[in-house]
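Trainee: I would like to go through this model and ask, for each label, on what grounds it is given.
Mentor: Please proceed; each answer will set a value against its criterion.

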Amino acid sequence: MSKKNAFYAQSGGVTAVINATACGLIETARQHKSKIGKVYAGCNGIIGALTEDLIDTSKESSKAIAGLRYTPGGAFGSCRYKLKGLEENRAEYERLLAVFVAHNIGYFFYNGGGDSQDTAYKISLLSKERAYPLTCIGIPKTVDNDLPFTDNSPGFGSVAKYIAISTREAGLDVASMCATSTKVFIMEVMGRHTGWIAAASGLAAENQGEPPHIILFPEIVFNEAKFLDRVNKTVKRYGYCVIVLAEGVRDANNEFLVESKSTDAFGHKQLGGAAPTIAELIKSKLGFKYHWALPDYLQRSARHIASAVDVKQAYALGKAAIEFAIKGKNGVMPIIIRKSGKRYQWTIGEAKLVDVANQEKKMPRNFISADGFHITPRCREYLLPLIQGEDYPAYKHGLPDYMPLKNQKIAKKLKKYSVKE
């Protein structure tokens, strides 16, 4: 047959820069037309492969693809859908291969977090078992910064920048009103098992007494008495207290402070609500007036203030994925390697999907202060380079001018297939 086509899919919660990765991948693939045919994108992630809803990116102009670099969200649609083990649901994997065969797909690129790398690895196993030539490359993405081997994950630097800026600005607001109004401000950020995003808020405090005054990490057991004592002392000393906590903060029984009974497609408990819980605790025990905020999707979609370093790295990993594939690499994920030296420099390396799948990188204890309420200078040294620079999108009528895609689908060749979500 002719040269093989490629399939690219976005997975899980999207970021401000996941489309920059798509941009890097598609633009690089277009530079290697002699080796890679068309790049098809999955409509709504891996579900698009199962349902044969494939988007033909060749129908998009060079200008439109270039515009992806500046566009937040998932341009082709993402999903929270986890394929089970090969033996548990072999039919799904067989369906994927059937779609790949029908459309002459020989390259599979999956852009996501740990669960997504596991999926890419499982698909690579089946392709080998069935002797179907399929190159499987995982591409890292997660605002949680919890993927192993890579120094940091694309998406995190921009969230970190947003949270650090929000903490500094909200802190100035509270400080100006604390004499006669709000004494305590609490912001709950993403972070189910790791405190990387919460830690980023610590960058806002460059001098003693600047907010955030308290950071609560999932890695540190929440101690109510110790926490309330710190809040009380902070308000008495500075007049106000700014607190940033990760949604996944746990108590002495290793249980989330707040969780619902529902779970997502990956089996993760739905979180959210830790901030109001902490706020009510402060009100009932200390009597301070409070306000709390939940940035939620805002923190991961804020492309208008994205980190230039994050954008550049996201693009580079998409580019590297194509370069890895045409060099014959398989079952790997391109990663970011931080070079040693005083000046921040990085390069692209690789890790095996079998090693990355379902692994989680938590914050080192030496990144958290001895009292468990802030970051250390070592953590600041790690975080600060990741939020450097601005890469603003074009503006029109005072708003970011994001460019939509046509997302034209190709004709289906197989029988209809339904996915149970």
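Trainee: Which residue lies over the face of Y315, and at what distance from the ring centre?
Mentor: The model is a predicted one. In it, R69 lies over the face of Y315, 5.0 Å from the ring centre. The distance criterion for a charge over a ring is within 6 Å of the centre, and R69 is listed over Y315 at 5.0 Å.

Trainee: Over the ring of which residue does the charged end of K226 sit?
Mentor: The ring is that of F373, and the charged end of K226 is 5.6 Å from its centre. The cut-off is again within 6 Å.

Trainee: What makes W196 and F367 an edge-to-face pair?
Mentor: Two values decide this. Their ring centres are 6.0 Å apart, against a limit of within 6.5 Å for pairing. Their planes stand at 90 degrees, and planes over 60 degrees apart count as edge-to-face.

Trainee: Where in the chain do the partners W196 and F367 lie?
Mentor: W196 belongs to helix α7 (residues 196-200), and F367 to the loop between α12 (353-356) and α13 (377-383). The two are 171 residues apart, so the pair links distant parts of the chain. Both W196 and F367 are buried.

Trainee: Why is the pair of F222 and F227 called tilted?
Mentor: The centres of these rings are 5.3 Å apart and the planes are at 55 degrees. Planes under 30 degrees apart would count as stacked and over 60 as edge-to-face, so 55 degrees leaves tilted. F222 and F227 are both buried.

Trainee: How many aromatic pairs does this rule give, and which residues form one aromatic cluster?
Mentor: The count is 10 aromatic pairs. F7, F100, F108 and Y110 make up one aromatic cluster.

Trainee: Why does I282 count as buried?
Mentor: Its relative accessibility is 0%, and buried means under 20%; I282 therefore qualifies. I282 lies in helix α9. Beyond its neighbours within four places in sequence, I282 has contacts that include V184, I186, F227 and L228.

Trainee: Which residues of α9 are buried, and what do they pack against?
Mentor: The buried residues are A274, A275, I278, A279, L281 and I282. Around the axis they cover an arc of only 160 degrees, which puts them on the same side of α9. Their packing partners are β6 (184-189), β7 (214-216), α8 (224-238), β8 (241-246) and β11 (290-293).

Trainee: Why are the buried residues of α8 said to line one face of the helix?
Mentor: F227, L228, V231, T234 and V235 are buried in α8. Seen down the axis, they fall within an arc of 125 degrees, so they line one face. The face turned away carries the exposed residues A225, K233, K236 and R237. The buried residues of α8 pack against β6, β7, β8 and α9.

Trainee: What makes the phi of N104 worth a remark?
Mentor: N104 is not a glycine, yet has a positive phi of about 55 degrees. Most residues other than glycine have a negative phi. N104 is in the loop between α4 and β4. At 7% relative accessibility, against the limit of under 20%, N104 counts as buried. F149, also not a glycine, has a positive phi of about 75 degrees, and is placed in the loop between β5 (135-140) and α6 (156-177).

Trainee: Is the peptide bond from P211 to P212 cis or trans?
Mentor: The bond is cis, with omega near 5 degrees. Most peptide bonds are trans. P212 is in the loop between α7 and β7.

Trainee: What does the domain assignment give for the chain?
Mentor: The assignment gives domain 1 (5-142 + 304-358 + 391-400) and domain 2 (156-302). The contact takes 16 residues from domain 1 and 13 residues from domain 2. Taken over C-alpha atoms, the domain centres are separated by 33 Å.

Definitions and conventions. Residues are numbered from 1 along each chain as its sequence is written. This is a predicted model: local features need pLDDT of at least 70, side-chain atom pairs count only at pLDDT 80 or more; totals for chains, interfaces and linings use all residues. Side-chain values use heavy atoms; hydrogens and water are left out. Buried means under 20% relative accessible area, exposed over 50%, partly exposed in between (1.4 Å probe, protein chains only). Helices (H or I, at least four residues) and strands (E, at least two) are DSSP runs, numbered from the N terminus. The arc is that of the directions from the helix axis to the C-beta atoms. Contact means heavy atoms within 4.5 Å. A charge sits over a ring if NZ of Lys or CZ of Arg is within 6 Å of the ring centre and within 35 degrees of the ring normal. Domain bounds come from an automatic or database domain assignment.
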